[in-house]
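Please examine the sequence and the model below before reading on.

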Amino acid sequence: MRLNSTFFIENDVLDLSKYLLGCTFHSMIDGVHCSGIITETEAYTGINDRASHAFGNRRTPRTEVMYCAGGISYVYFTYGLHHLFNVVTGAENDPHAVLIRAIYPLTGINAMFQRVGAKKGLHALSNGPAKLTKCLGITLEHNRMDLDGDLLWFEDNFRHAIARTVAGPRVGVDYAGEDALLPYRFVGFPATASKLQQTK
DNA sequence: TACACGATTTACT
DNA sequence: GTAAATCGTGTAT
């Protein structure tokens, strides 16, 4: 079952960050369908969150997309070489977002290896926010994109495979002062592989 | 126009 | 363990 924009608009960003664990994230880019089970997310909770690009109600050409209604992508470029992918959530003018930090490869694995280089193992293929965008072929072209469309979408398929969810501080946000300590990073630990049966 | 830096990854010592 | 890669973005001039 696909997740639609209403779902991303009406639910709280922290709840969504946890809910997305075990959902699948899909791309159809360069004619290839790739997907993986989401295993790690982070929540960025709006204008009062010092770790967010939208802190202090900052509106710039880059951050403007976060102020749109939920259900669209926020892709940005960092460190001169990496793209990071977020889901914009919440109502218009309330700039919340979920950073997708890791997925476990499910379909299109050959294409993913081609994009990232075939020298690493399956478990290390897309277990980082910049690695998964590279695997799925996501670039700045996929910013501000409908997340229930033909190119990027989510499905609620494998949440039963997540046995336990652990929260901790977000990664790489030391500049955020006290907000760097907030437990807004969520990691889903899988159940045994035998439970990995798709449900619709 | 100029400059400092980043919600990271990789390779190398 | 440390460092390099590398450029869009934000803020200051």
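The model is a predicted one. Arginine 144 has a phi near 55°, which is a positive value in a residue other than glycine. Its relative accessibility is 49%, so arginine 144 counts as partly exposed. Leucine 140 is partly exposed because its relative accessibility is 46%. Together with Phe77, Tyr79 and Leu81, Leu140 makes a nonpolar surface patch of about 480 Å².

Of the atoms of DNA strand C within 4 Å of the protein, 75% are sugar or phosphate atoms, and the rest belong to bases. Individual contacts illustrate both kinds. A polar side-chain atom of arginine 58 is placed 2.6 Å from a phosphate oxygen of DNA strand C. Tyrosine 79, by contrast, uses its backbone: an N or O atom there lies 2.5 Å from a base oxygen of DNA strand C. For glycine 80, a backbone N or O atom is 3.4 Å from a sugar or linking oxygen of DNA strand C.

Which residues are the closest to DNA strand B? They are His53, Tyr76, His82, Asn86 and Lys120, out of 22 residues that surround DNA strand B. Sugar and phosphate make up 55% of the atoms of DNA strand B that come within 4 Å of the protein. The surface near DNA strand B contains 11 nonpolar, seven polar and four charged residues. Strand E3 (73-78), strand E4 (82-89), strand E5 (96-107) and H4 each contribute at least two residues to this surface. A phosphate oxygen of DNA strand B lies 2.8 Å from a polar side-chain atom of histidine 53. Another contact with phosphate involves proline 129, a polar backbone atom of which is 3.1 Å from a phosphate oxygen of DNA strand B. Tyrosine 76 meets a base instead, with a side-chain N or O atom 3.1 Å from a base nitrogen of DNA strand B.

The next topic is the pairing of charged groups within the protein. Side chains of opposite charge can pair when their charged atoms come close. With a salt bridge taken as a side-chain nitrogen of Lys or Arg within 4 Å of a carboxyl oxygen of Asp or Glu, the count comes to eight salt bridges. One of them joins the side chains of aspartate 30 and arginine 115, at 3.9 Å from N to O. This pair links distant parts of the chain, since aspartate 30 is in the loop between strand E1 (24-29) and E2 while arginine 115 is in helix H3 (residues 109-116), 85 residues apart. Aspartate 30 has a relative accessible area of 68% and is therefore exposed.

A second salt bridge, of 2.7 Å from N to O, joins glutamate 40 and arginine 185. Here strand E2, which holds glutamate 40, is linked to strand E8 (residues 185-190), which holds arginine 185, and the two residues are 145 apart. Is glutamate 40 buried or exposed? Its relative accessibility is 10%, so glutamate 40 counts as buried. Arginine 185, at 26%, counts as partly exposed. Both residues belong to a network of salt bridges that links Glu40, Glu42, Arg101 and Arg185. A further salt bridge, between arginine 170 and aspartate 49, is 2.7 Å from N to O, and both residues are buried.

Strand E2 (residues 32-45) also contains serine 35. Serine 35 is buried because its relative accessibility is 1%. Its side chain makes a polar contact of 2.6 Å with the side chain of threonine 107.

Finally, the loop between E4 and E5 holds asparagine 93 and aspartate 94. Asparagine 93 has a positive phi, near 70°. Aspartate 94 is 28 residues from methionine 66 in sequence, yet their C-alpha atoms are 7.7 Å apart in space.

Methods
Residues are numbered from 1 along each chain as its sequence is written. Chains are lettered from A and ligands numbered from 1 in the order in which they are written. This is a predicted model: local features need pLDDT of at least 70, side-chain atom pairs count only at pLDDT 80 or more; totals for chains, interfaces and linings use all residues. Side-chain values use heavy atoms; hydrogens and water are left out. Patches are made of residues with over 30% relative accessible area and no salt bridge: like charges are joined within 9 Å, nonpolar side chains (Val, Leu, Ile, Met, Phe, Trp, Tyr) within 5 Å. Accessible areas come from the Shrake-Rupley method with a 1.4 Å probe; for residues, only the protein chains shown count as cover. Buried means under 20% relative accessible area, exposed over 50%, partly exposed in between (1.4 Å probe, protein chains only). A residue is near a molecule or strand if one of its heavy atoms lies within 4 Å of it. A polar contact is a pair of N or O atoms within 3.5 Å; within protein, one must be able to donate a hydrogen and the other to accept it, and residues adjacent in sequence count only if both atoms are side-chain atoms. Helices (H or I, at least four residues) and strands (E, at least two) are DSSP runs, numbered from the N terminus. Ala, Val, Leu, Ile, Met, Phe, Trp, Tyr, Cys and Pro count as nonpolar, Asp, Glu, Lys and Arg as charged, and the others, Gly among them, as polar.
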